[in-house]
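Please keep the sequence and the structure in view while reading.

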Amino acid sequence: MALIQCPECRKEMSDTLNSCPHCGYVFNKKNSRTIKKKYIISIPIILCVLIIVSICIFFLMPNSTKDFLAKIDNQDIESAKKIYEQNIQGKEDQEEIIKEDLLEKIEKIKIDYNNNTLKYDDAKKQLQELRQFDVIKTESNKALNYIDTQQDSNTSYDKGTEYEKNEEYKKAIDSYRKVDKTNKNYETAQINITKLIQEYKSLCITEANQYASEENYLKAKNAIVNALNLIKDDAELIQKKEEYEKKYNEKSELDRIAKIETLKNNQKVSVVGTPIVKKQSDKYTSLYPDMLTAVIQNNSEQTIKSYKIGFLAFDSSGYPVKIKAPVDFNPSYEKMVLATDANVLPGGTYGDGLGSEIDTPHNISTILACVYSATFYDGTTWTNEYYSYWLEEYKEKPLH
C-alpha cells in the first residue's frame, strides 16, 4: 500500500481506495495508477533539477570567485589574497559565496586538530592565513582562540597525568583544573581531581598529625592550610586548622614566657635591689631636685666603662606617669640615662647614691629600671635583649 494525493482536495489517501475519505471524490484504478506513477517519477526529476541548478551556479559563478577558491584549495594564499583584494572585496554576492567555503575550511581545521590529524602549529598557521580575509576575520580569530585553548588544555592534562604518576598531587590537581570545559579530556580531568583531592587531603592530615606529635604546631597548621588552599570550606580541615592554631598559640606563649625568663636571668648587666626616687633636699628642691636612682651589677667577666639604663615611673595608684627633667621640655614615659666612667669591675655594683635629676614637685611614687646596654673597656658593646620585653610588659601600662 502506498499513499497518493486526492486530485480534488490534495490530501493524502491510500491507493487501494476507490474514493477519497476526506472529500468523497470517486475515481477508477486507472486514475490511481496514474497518480502513483506521477508521484514516483517526480522524485528523480527534483534531484536532476537540483544537480542542474548546482552546475549552473558553478558555471555562472564569476571567474574571480572560482579562481579564488581554487587558489585556497591549493593553499596558494598569496595569490588568493590578490584575487580577493582586486576582484572580490566589497562585492557582497561574491563575498557570501567564498565565506561559506572558507567557514567550512575553518571547521575542518578544528576537526582535524581535535582528531590529531593536524598538528597545532600547522592548524594555527592555516587559520592565521585565512584570517587575512576580512569576510571571515572574526571567525578565524575565534577558531585561533579555540585551538589555543585546546592546546593549553592538552598540555595541562598531560602535565597533570605526569604529576599524578609522581604522586605530586597538588601540582596534578592544579594542572587538571586548567583543562577547559570544551576539551575532550575535561570529564576525565574532573574525575581525577575528585580522586586526587581525597588523596591529597589524607596526605596533608597525616603530615599534620606527625608534626603535631612532635609539638611542631606551626608546621602542622601549615600542612592543613596547604590542603585548604585546594579544598575550600572543608569542615574537617577547618576544624584541624583551628585546633593546631590554638595549640600553636598556647605553646608560643609558653615559649615566649620561658625565653623572657631566660633572658632576664642571664643579663650581663642587671638592676639589683629596688630603684627609688631619692630626695636630695626637702627645702631647696630647686637646687637639689629629686633623683631617679638604681644600682646595677656587672655579671660579666669584663669591666664596664659606661652603660645606658631606662626608667619608667608610676603614681601612687600604680598608673604610668611621664618623667620630666628640670630643664626638659619633652617629658616621656621612658627616660633613658647614660652613665659614663662607671668603671664597674666584674661582679661589682654601681649607682648607689647616684641618679638622674627630675623636675620637682612630681607625682612619682614608684619607678622601674632596666639596663639597655653596656660598653666594656675592650671596645665591645652588649645590648640587652631582655630590654624590649621589659618595655612591652611595663611601659604605659598599670603596675601589676
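Helices here are DSSP runs of H or I that hold at least four residues, and they are numbered from the N terminus. The model is a predicted one, and the points below are grouped by region.

- Helix α3 spans residues 77-88, and Lys-82 is found within it.
- Lys-82 counts as exposed because its relative accessible area is 52%, and the cut-off for exposed is over 50%.
- Although Lys-82 and Phe-68 are 14 residues apart along the chain, their C-alpha atoms are separated by 8.9 Å.
- Phe-68 belongs to helix α2 (residues 63-73), where it is one of the buried residues, together with Ser-64, Thr-65, Lys-66, Leu-69 and Ile-72.
- Just after α2 comes Gln-75, which takes a positive phi of about 60°.

**The largest nonpolar core**

- The largest nonpolar core has 25 residues, and those that touch the most other members are Ile-173, Tyr-176, Tyr-200, Ile-224, Leu-237 and Tyr-244.
- At least two residues of this core are supplied by each of α7 (169-176), α8 (186-213), α9 (217-230) and α10 (235-265), and the largest share, nine residues, comes from α8.
- Leaving aside residues up to four places away in sequence, Ile-224 touches Cys-204, Ile-205, Ala-208, Leu-237, Lys-240, Lys-241 and Tyr-244.

**Another core**

Note on methods. Residues are numbered from 1 along each chain as its sequence is written. This is a predicted model: local features need pLDDT of at least 70, side-chain atom pairs count only at pLDDT 80 or more; totals for chains, interfaces and linings use all residues. Side-chain values use heavy atoms; hydrogens and water are left out. A nonpolar core is a set of buried Ala, Val, Leu, Ile, Met, Phe, Trp, Tyr and Cys residues joined through side-chain atoms within 4.5 Å. Buried means under 20% relative accessible area, exposed over 50%, partly exposed in between (1.4 Å probe, protein chains only). Contact means heavy atoms within 4.5 Å.
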